[in-house]
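Please keep the viewer open as you go.

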Amino acid sequence: MNYKNKLIAGIAILASAFLVSCDKDEPESETPKISFEEWPLTDCSTSTKPVRDLVAYNLLNIPYQWERDWLGGTTYIISPSNDTGLSWKEYNDKNACSGTHGAYVNLIEGNTDFIIASRDISRNEEQLSAEKGVELVTTPLAIDALVFIVNPKNPVKNLTVEQVQKIYTGEITNWKEVGGPDHKITPYIRDTDSGSQEKMETLVMSGLTMIDGKYMVEIIGTQMSSPYHQIENDEYGIGYTPFFYCTAMVRDLIKVDMLSINGVAPSKNSLRDNTYPFISSIYTAIRKTESHDSKAYELHQFLFTPRGADMIDESGYIAIRK
């Protein structure tokens with residue numbers, strides 16, 4: 001069984017088992033009543049911030065809307081639509097966005113109580129967890145995918161899985177080898193421990209050795225938006241990014257094209273029917289010792305109810321449902 005099929009099978013088993021526990025601990029029709037004073041400390045990845053915030057605003061009865069990020073300007077975010085009585089600092093003191101690795105580290109070290117992350121726990125984070133004597137419960141929450149992006153001027157619109165792998169091992173170095181112009185390929189990569197990099201290594205490369213960015217620091221992007229900025233100005237570049245981040249957050253603010261893989265274009269339909277090759281998941285995580293009476297545990301459980309799944313779908317992700 002290949003990695004993708006194992007992932008899908010694992011998601012089904014884990015989600016089914018977890019939903020059984022949800023039925024036992026909380027009626028599915030019941031939406032938690034949590035005041036801001038009771039709200040647990042949460043953290044998230046850059047690409048999962050919209051779903052975390054949408055859930056928070058719903059449960060805290062805060063009106064919200066999608067709008068352009070007034071800080072960065074290159075993504076859309078979900079923000080309060082009017083004065084909530086809460087300051088930006090008050091909300092963010094309880095709802096951090098430390099990135100995937102930072103969120104896991106904060107959960108392990110006890111600096112937050114609940115996270116929604118763009119991937120499962122990594123090897124480095126598992127090692128830290130073992131060193132600290134902390135065990136996490138991580139559960140697939142929604143479907144996402146890893147997509148490959150190029151400059152719109154690039155005539156190449158489709159690659160095979162093998163071609164992607166060979167580009168990122170350095171075996172294919174010129175676009176003419178995959179039906180494009182006679183020009184060197186610039187394969188952009190992400191920093192170690194980022195959600196995108198972890199998915200690239202496990203989901204796409206499957207144990208193959210990737211190109212070494214050690215001596216080519218310009219190809220390493222340290223932010224979610226890095227590949228977009230690089231490729232927007234590089235007709236011959238290629239990079240990778242989560243499907244949700246590209247379609248729901250970046251949208252039309254930075255011009256890139258998503259490639260088809262093996263002739264299948266990334267879309268909600270191809271993610272749902274499992275025909276796109278590089279399907280992944282976002283995850284929730286709490287500490288195993290978290291009290292079942294806590295608001296963090298209540299929030300965690302709620303996301304696996306039909307009402308919680310509706311909120312996940314509203315954000316633009318595809319909820320994993322019963």
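Predicted model: local features only at pLDDT ≥ 70, side-chain atom pairs only at ≥ 80, totals over all residues.

Residues are numbered from 1 along each chain as its sequence is written, and side-chain values use heavy atoms, with hydrogens and water left out.

**The largest pocket**

- The largest pocket holds about 900 Å³ of space. A pocket here is an open set of points, on a 1 Å grid over the protein atoms alone, with protein on both sides within 12 Å along at least five of seven lines. The volume is the space filled by probe spheres set on the points, which are joined across faces, edges and corners.
- Its lining has 46 residues, and those nearest the centre are Thr 46, Lys 49, Asp 69, Ile 77 and Cys 97. A lining residue has an atom within 4 Å of a point.
- At least two lining residues come from each of α2 (49-59), β3 (76-80), α3 (88-94), α4 (99-108), α7 (195-205) and α9 (243-250). β3 gives the most, with four residues. Helices (H or I, at least four residues) and strands (E, at least two) are DSSP runs numbered from the N terminus.
- By class, the pocket lining has 15 nonpolar, 23 polar and eight charged residues. Ala, Val, Leu, Ile, Met, Phe, Trp, Tyr, Cys and Pro count as nonpolar, Asp, Glu, Lys and Arg as charged, and the others, Gly among them, as polar.

**The largest cavity**

- There is one cavity of 30 Å³ or more, a cavity being a set of points where a 1.4 Å probe fits but cannot get out. The largest cavity has a volume of about 40 Å³.
- Its lining is made by Trp 39, Arg 52, Val 55, Ala 56, Phe 114, Ile 116, Leu 299 and Leu 303. Two or more of these residues come from each of α2 and β4 (114-117), and α2 has the largest share, three residues.
- Seven residues of the cavity lining are nonpolar, none is polar and one is charged.

**Helix pairs**

- α2 and helix α12 (residues 306-315) cross at roughly 130°, and their axes come within 9 Å. Axes are lines fitted to C-alpha atoms, for helices over the stretch in contact, and angles run from 0 to 180 degrees between N-to-C directions.
- α2 and α12 are therefore oblique to each other. Angles under 35 degrees count as roughly parallel, over 145 as roughly antiparallel, 65 to 115 as roughly perpendicular and the rest as oblique.
- Val 51, Leu 54, Val 55, Asn 58 and Leu 59 of α2 are in contact with Arg 307, Met 311, Ile 312, Glu 314 and Ser 315 of α12, where contact means heavy atoms within 4.5 Å. This set divides into six nonpolar, two polar and two charged residues.
- α4 and helix α5 (residues 123-132) pack at about 10°, with their axes 10 Å apart, and are therefore roughly parallel to each other. The α4 side of the contact is Thr 100, His 101, Tyr 104, Val 105 and Ile 108, and the α5 side is Glu 125, Leu 128, Ser 129 and Lys 132.
- Helix α6 (residues 161-169) and α7 pack at about 130°, with their axes 11 Å apart, and are therefore oblique to each other. Val 164, Gln 165, Tyr 168 and Thr 169 of α6 make the contact with Met 200, Val 204 and Met 205 of α7. Five of these contact residues are nonpolar, two are polar and none is charged.
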